[in-house]
Amino acid sequence: SASSATGAALRGLNSLTSDDLAHFSKILPASSIISSLPPVKSAVAELDIYNDDWMGKYHGQSTTVLKPKTTQQVADIVKWCNEKRIGLVPQGGNTGLVGGSIPLKDELIISLANMNTVRSFDPISGILVADAGCILQSLTDYVAPHNHIMPLDLGAKGSCHIGGNVATNAGGLRLLRYGSLHGSVLGLEVVLPDGTVLDQLSTLRKDNTGYDLKQLFIGAEGTLGIITAVSILTAPMPQSSNNVILALPKFDNVQPLYKAVKSQLSEILSAFEFIDRTAYDLAVKHGQGRALSDEDIEGAECFVLVETSGGKREHDEEKLNSLLESLMEADEPLINTGVLSQNPAQFASLWALREGVTEAVSKEGKAYKYDISIPLAKFEECVNQTREHLREQGVLRPDAVTHVLGYGHVGDGNLHLNIVAKEYSDEVANALEPFVYEMVAKYRGSVSAEHGIGAMKTHALSYSKDATSIAWMKKLKALFDPNGIMNPGKVLE
Ligand code: FAD
Ligand code: MLT
Ligand code: ZN
């Protein structure tokens with residue numbers, strides 16, 4: 001059960017005491033400590049912001065949040081925690097969707113929010129070095145006047161931190177073009193579980209000097225150390241960007257459409273994103289982007305958003321227009337219609353229909369989120385099978401599950417299967433699991449394409465990883481963190 005898993009993860013760890021707080025007060029000013037314990041006893045209500053996750057699904061009971069400003073302060077805090085066997089949870093923007101940033105019980109929360117300075121930027125190489133707590137959007141704004149963009153973008157950009165992005169190996173909306181953070185992150189500075197600072201903050205594109213340790217922290221979800229700074233390769237800002245929403249009469253057209261779009265747009269294709277009809281309807285219902293006209297959506301089973309980014313407006317528009325013409329003029333058109341943005345406001349509005357699904361789902365109800373990699377051809381089958389299964393289980397009803405929808409990063413083979421319920425309940429959870437994970441295993445897919453394992457899927461790891469891999473993950477964890485203080489109970493049980 002969940003509580004015995006929590007017990008096992010926290011075994012041997014101690015709760016914070018006033019003595020610990022007195023020690024932290026020597027490291028940090030009072031303004032950087034939020035705690036319900038004496039001698040601090042500050043604004044206790046503020047703790048909720050750090051104890052509750054973005055979805056309202058996970059709730060911790062931490063008594064204390066520390067907000068260090070320097071790497072040395074992080075190192076001093078971690079060293080103390082290691083000596084005193086105090087569990088801690090690194091927290092960035094707290095936008096994670098798998099409960100990784102929330103304590104299981106009362107572990108100390110270390111928020112990186114005050115570490116938010118850009119350390120350097122080289123406009124020739126495009127290499128940016130920034131504190132882990134810099135908000136993604138603020139980094140985008142920082143490099144924009146130098147004609148660069150961040151190599152990643154996601155709906156949470158206004159809140160998520162670059163350190164959190166790296167810790168989760170976030171994918172997002174630009175992965176198709178710029179690749180994963182395993183490629184674009186050039187270096188990291190990490191405070192290890194014993195308080196040592198690992199300085200791998202390289203700004204080199206090429207560095208083959210043995211084991212690439214930094215890769216271990218990318219996607220480790222704070223279980224191996226606290227990332228305090230990131231060196232990342234930004235990309236030249238495209239001179240011209242366009243997008244179009246394509247309405248498809250049936251899901252089966254998505255694959256041939258992707259093939260046609262890739263071959264015709266080639267180097268200017270920068271995103272190929274999918275939303276099914278239910279996701280579209282929810283986005284519109286909750287005010288995410290402007291609805292398409294009735295005529296445009298008539299008979300549409302699903303939608304694909306295509307973005308182009310290139311070097312020359314006329315060239316890109318010509319390519320996009322001839323793509324649309326060829327799609328519409330075919331004997332059996334793959335699309336019903338395409339709505340092309342005509343100005344920056346429309347460009348943003350089309351993107352909002354896709355990016356806003358997450359927000360819309362959470363406004364509609366309580367979301368069960370499965371973020372899976374499966375063959376693209378199986379996307380629809382997977383959503384339909386889940387809906388059918390829930391119907392058979394008797395939970396598809398107005399007071400339980402109200403919507404089953406699919407959206408995601410088609411180009412990356414990543415489906416977001418979401419189930420919207422009135423409330424989080426054991427009844428719905430038991431109807432969903434292990435059904436969903438067994439379905440993913442059947443397709444030899446991944447139970448987490450991009451959101452991570454967090455607290456949500458520790459028990460499901462074995463559906464996607466074999467025993468040998470898990471055994472070596474455990475050995476690595478024990479090597480870095482023999483006392484098990486770093487984000488206990490996350491990723492590994
Ligand atoms: P948090 O939520 O604070 O933490 C996430 C995990 O990282 C936790 O395990 C935490 O302990 C650890 N962590 C955080 N900071 C550090 C650090 N400095 N050092 C070590 N560990 C750390 N994810 C995607 O992959 N693609 C998407 O397209 C996407 N879109 C999203 C859209 C919305 C609206 C929302 C709410 C979330 C979305 N996410 C997406 C999930 C989430 O935003 C990302 O995982 C994001 O990268 C998390 O960053 P954060 O700073 O909020 O981290
Ligand atoms: C997305 O692609 O929109 C994000 O990963 C968030 C989500 O899955 O809702
Ligand atoms: Zn996503």
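Reply: Begin with confidence, since this is a predicted model. For the protein chain the mean pLDDT is 96, with 100% of residues at 70 or more.

Me: Which residues coordinate the zinc ion (ligand 3)?

Reply: Look for donor atoms around the metal. Here they come from H409 (NE2), H416 (NE2) and E450 (OE), at 1.9 to 2.1 Å. Their spacing in sequence is H-x6-H-x33-E. H416 belongs to strand β18 (residues 414-421), whereas E450 is in the loop between α18 (435-442) and α19 (467-480); the two are 34 residues apart.

Me: Is E450 buried or exposed?

Reply: Buried means under 20% relative accessible area. E450 has 12% relative accessibility, so it counts as buried. H416, at 4%, is buried too.

Me: How many aromatic pairs does a search of the whole structure find?

Reply: It finds eight. One of them is F251 with F274, an edge-to-face pair with 5.6 Å from centre to centre and 80° between the planes.

Me: Why does the pair of F251 and F274 tie together parts that are apart in sequence?

Reply: Because F251 lies in the loop between β12 (240-248) and α10 (254-265), while F274 lies in strand β13 (residues 269-276), 23 residues apart. F251 is buried at 6% relative accessibility, and F274 is buried at 3%. Together with F379 they form one aromatic cluster.

Me: What lies over the face of W472?

Reply: K475 does, at 4.0 Å from the ring centre. Likewise, the charged end of K442 sits over the ring of Y443, 5.3 Å from its centre.

Key: Residues are numbered from 1 along each chain as its sequence is written. Chains are lettered from A and ligands numbered from 1 in the order in which they are written. This is a predicted model: local features need pLDDT of at least 70, side-chain atom pairs count only at pLDDT 80 or more; totals for chains, interfaces and linings use all residues. Side-chain values use heavy atoms; hydrogens and water are left out. Donors are N, O and S atoms within 2.8 Å of the metal (3.2 Å for Na, K and Ca); water is not among the atoms, so sites may look incomplete. Helices (H or I, at least four residues) and strands (E, at least two) are DSSP runs, numbered from the N terminus. Buried means under 20% relative accessible area, exposed over 50%, partly exposed in between (1.4 Å probe, protein chains only). pLDDT is the predictor's confidence in each residue, from 0 to 100. Rings of Phe, Tyr and Trp (its six-membered ring) pair if their centres lie within 6.5 Å; planes under 30 degrees apart count as stacked, over 60 as edge-to-face and the rest as tilted. A charge sits over a ring if NZ of Lys or CZ of Arg is within 6 Å of the ring centre and within 35 degrees of the ring normal.
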